[in-house]
Amino acid sequence: MTGPVAPPSGSTILVVDDNEMNRDILSRRLRKDGHRVEVAEHGLRALEMMASSSYDLVMLDIMMPELNGYQTLERLKADPVLQHVPVIMITAVDDEQSIVRCIELGAEDHMPKPFNRALLRARVSSSLAKKRLHDREQIYAASLARELDIGRQIQQGFLPEHLPEIDGWNFSAWFQPARQVAGDFYDVFPLPGNKIAIVIADVCDKGVGAALFMAIFRSLFRALGELRFTAASPADAPSAALLDVVTATNDYIGGTHASANMFATMFFGVLEPESGRLWFVNGGHEAPIVLTSEGRERTRLEPTGPAVGMMPDMLFRVADLVLAPGEQVLLYTDGVLDARAPSGEQFGETRMLDCARSTPRDVLDCIRQSLAEFSMGEPAFDDVTMMSIRRAEQR
């Protein structure tokens, strides 16, 4: 037959009791079990000591001068730094009401007087085991937070550091992830033949999985875009190369990563700045809105195919239009419309278009401010990504 399991040792325990004899008895028994022990004669002194030193467990008497056990316990549990330190209340054997009150205030356990050696060891061991489990969880959470922060920094590097500066055009963007890493992304980069690629996409789901696929989609669009447009004849319209990029990306994701069931809604446009013509494929994405110089809606760039990556051999088509001087394209992900107020109400399209009409030249700044006022600090429901591509008015 195996003997009793030895309690965790080497912990630092604070004994709080106004009775010197009780402090001495309890301290000696705890030290025999291998613990480091410090003592305080009342609650105020205990709080002072805990503000400057770290303890694994507090043994807290109820009846004390200055600050009794109930008041001390309440303060400990209200402190975000100290609230996770386990507390064992020292109570009278038949003081049932006191025990109930202590547990309701957050104490982990109670220890009746006079002290029973076996019961003391068991209850201290149990409380310390919970503390160590909590400490391991905190270490793991901190490690995970560091990893996510590294991921956020890496992902931030996937977004363009600077948007193109082209005479007669203004490019602006706004990106706000809901978590440390995001499934949304946008990109603007030059293509051979004096063209500009414009991409906005929203990978399904949220968190780390979506962020990993965001990197794959973004890399494929960049790499295949440069490859296909370099190989295209200068005399050819961009339609064939654009369609090839989207189709190849779809077939790779839908074939190679079929088991992951990951896909993205995306808008991939190719702009010819000189003429103002924009060729595009809209793969199941929120339809970008073409706005006049006064901020009125002229048309929407509706989907020309399904979301990208659901399965191989999906059909897409290329559409195009010419942006007149003063017009702009407003691109966004569904996180804009789905943003919520504390009441649960969604931001919606009407508020977004109100900004377009009121401040067409600074529409993204207006929407960002409007979202902040609307949400009133409510945590973001989804990633928020927006872009504006505006052609300057003729002078």
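## The cavity

About 50 Å³ of space lies in the largest cavity. A cavity is a set of points on a 1 Å grid over the protein atoms alone where a 1.4 Å probe fits but cannot get out; points are joined across faces, edges and corners, and the volume is the space filled by probe spheres set on them. Searching the whole structure turns up one cavity of 30 Å³ or more.

This is a predicted model, in which local features need pLDDT of at least 70 and side-chain atom pairs pLDDT 80 or more, while totals for chains, interfaces and linings use all residues. Residues are numbered from 1 along each chain as its sequence is written, and side-chain values use heavy atoms, without hydrogens or water.

The lining (residues with an atom within 4 Å of a point) consists of Thr 292, Ser 293, Gly 326, Gln 328, Pro 360, Arg 361, Arg 390 and Glu 393. It divides into one nonpolar, four polar and three charged residues, with Gly counted as polar and Pro as nonpolar.

## The sheet

Pairing requires at least two DSSP bridges; five join strand 4 (residues 87–92) to strand 5. Here Ile 88 stands opposite Asp 109 in strand 5.

## Asp 382

Asp 382 sits in the loop between helix 10 (363–375) and strand 15 (384–391), where a helix is a DSSP run of H or I with at least four residues.

Leaving aside residues up to four places away in sequence, Asp 382 touches Ala 178, Asp 202, Lys 206, Asp 334 and Gly 335, contact being heavy atoms within 4.5 Å.

Terms used: On a 1 Å grid over the protein atoms alone, a cavity is a set of points where a 1.4 Å probe fits but cannot get out, and a pocket is an open set with protein on both sides within 12 Å along at least five of seven lines; lining residues have an atom within 4 Å of a point. Helices (H or I, at least four residues) and strands (E, at least two) are DSSP runs, numbered from the N terminus.
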